[in-house]
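Hello,

Here is the structure I promised to pass on to you. Have a look at it first, and then read on for what turned up.

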Amino acid sequence: MSKKNSKNYLDYIPVRNPDVEYETADDGRVTVFVEWKGFYHRIAQKFFHRPRVSDIKMDELGSFVWLIIDDEKDVHQLSKELDAKFPKMEKSLARLIKFLEILHDNHLIYWKGEKRK
């Protein structure tokens, strides 16, 4: 029988990837810049005219979460701040965890104590 790998995201501490650049607009919205490196990305850039750097514009929720990640707060503390800012949001913890998973899968953040790739 295999063991089930359960994760308690409330104890995880997200850390922004220092290699990722971002800027904050006057309205508080964050734009993250992702540089595409590697052999296959260079081929796509040359033959399919893909950009070397993509800009990802976050919405109000994503911008808020991105800006409150400070390498100290765990997911539980972030969810409390999110609930204070957006009190009428449904399933805020589930949405926060999903958003953090997406950021992690795209190497925009990593978990404190995790080996970086």
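Let me start with the lining of the largest pocket: by class, 13 of its residues are nonpolar, 11 are charged and five are polar. Please keep in mind that this is a predicted model. The space in this pocket comes to about 810 Å³. It is lined by 29 residues, and those closest to the pocket centre are Asn17, Val20, Asn106, His107 and Leu108.

Which elements supply the lining? At least two residues each come from β3, β4, α4 (92-105) and β5 (109-111). Helix α4 gives the most, with five residues.

Three strands make up an open sheet, ordered β2-β3-β4, with antiparallel pairing. The edges are taken by β2 (21-24) and β4 (53-57); each has a single partner strand, so one side of each is left without a neighbour in the sheet. On average, neighbouring strands here are turned by 20° against each other, direction ignored.

Between β3 (residues 30-35) and β4, which run antiparallel, there are five bridges. If you want a pair to look up, Val32 has Ile56 in β4 as its bridge partner. Helix α2 (residues 60-68) packs on this sheet, where it touches β2 and β3, and its direction makes about 75° with that of β3.

Enjoy looking around, and write back with any thoughts.

Best wishes

Methods:
Residues numbered from 1 in each chain as written. Predicted model: local features only at pLDDT ≥ 70, side-chain atom pairs only at ≥ 80, totals over all residues. Heavy atoms only, no water. Pairing = 2+ DSSP bridges. Helix = DSSP H or I, 4+ residues; strand = E, 2+ residues; numbered from the N terminus. Axes fitted to C-alpha atoms, helices over the stretch in contact; angles between N-to-C directions. Contact = heavy atoms within 4.5 Å. 1 Å grid on protein atoms, 1.4 Å probe; cavity = no way out; pocket = protein on both sides within 12 Å on 5 of 7 lines; lining within 4 Å. Points joined across faces, edges and corners; volume = space filled by probe spheres on them. Nonpolar A, V, L, I, M, F, W, Y, C, P; charged D, E, K, R; others polar.
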